[in-house]
Amino acid sequence: MRALSHLGAGLLVAGLLVGAAFAVEGDVIFKREDGQGGTPAALFPHWAHRIRYKCYACHPAPFEMKAGANKISMDGMLEGKFCGACHNGKIAWAITFETCNRCHVAK
């Protein structure tokens with residue numbers, strides 16, 4: 001019985017890790033305004049954030065709850081706006097050149 005609980009926990013962790021790389025219902029893909037580019041569009045795993053935080057942690061600030069209402073930019077994030085409000089290296093992992101592939105995932 002204990003082996004089954006370990007197996008279940010392992011499958012759950014594996015599912016979470018694999019799921020982070022693929023969009024699921026409720027996730028947000030931030031399409032690039034300039035169309036095609038060298039960097040893939042960013043994928044925001046809404047489901048992963050929602051299981052940890054209440055809606056008011058992000059809405060209405062720093063994100064309005066309307067698709068396209070937020071003009072998100074890397075410069076803004078690096079200034080501590082948008083995702084950068086939490087992804088600052090203290091609350092959550094910092095936005096750096098080394099962490100690009102955590103959000104910008106190829107389809």
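1. Fold first. In this predicted model, the protein chain has three helices and two strands. Read from the N terminus, the elements go α-β-β-α-α.

2. If you look at contacts with a separation of 6 or more, 26% of them are between residues 24 or more positions apart.

3. On surface: the protein chain exposes about 8400 Å² of accessible surface. Carbon and sulfur atoms hold 64% of that area.

4. Now the charges. How many salt bridges does a search of the whole structure find? The search turns up one. The partners are Glu-79 and Lys-81, with their closest N and O atoms 3.3 Å apart. As a reminder, side chains of opposite charge can pair when their charged atoms come close.

5. Is Glu-79 in that pair buried or exposed? Glu-79 counts as exposed because its relative accessible area is 55%, and the cut-off for exposed is over 50%. Lys-81 has a relative accessible area of 45%, so Lys-81 is classed as partly exposed.

6. Last, have a look at Thr-99, which lies in the segment after helix H3 (74-78). Thr-99 has a relative accessible area of 14%, and the cut-off for buried is under 20%, so Thr-99 is a buried residue. Which residues does Thr-99 touch, leaving aside those up to four places away in sequence? Thr-99 touches Trp-93 and Ala-94.

Technical notes
Residues are numbered from 1 along each chain as its sequence is written. This is a predicted model: local features need pLDDT of at least 70, side-chain atom pairs count only at pLDDT 80 or more; totals for chains, interfaces and linings use all residues. Side-chain values use heavy atoms; hydrogens and water are left out. Helices (H or I, at least four residues) and strands (E, at least two) are DSSP runs, numbered from the N terminus. Buried means under 20% relative accessible area, exposed over 50%, partly exposed in between (1.4 Å probe, protein chains only). Contact means heavy atoms within 4.5 Å. A salt bridge is a side-chain nitrogen of Lys or Arg within 4 Å of a carboxyl oxygen of Asp or Glu. Accessible areas come from the Shrake-Rupley method with a 1.4 Å probe; for residues, only the protein chains shown count as cover.
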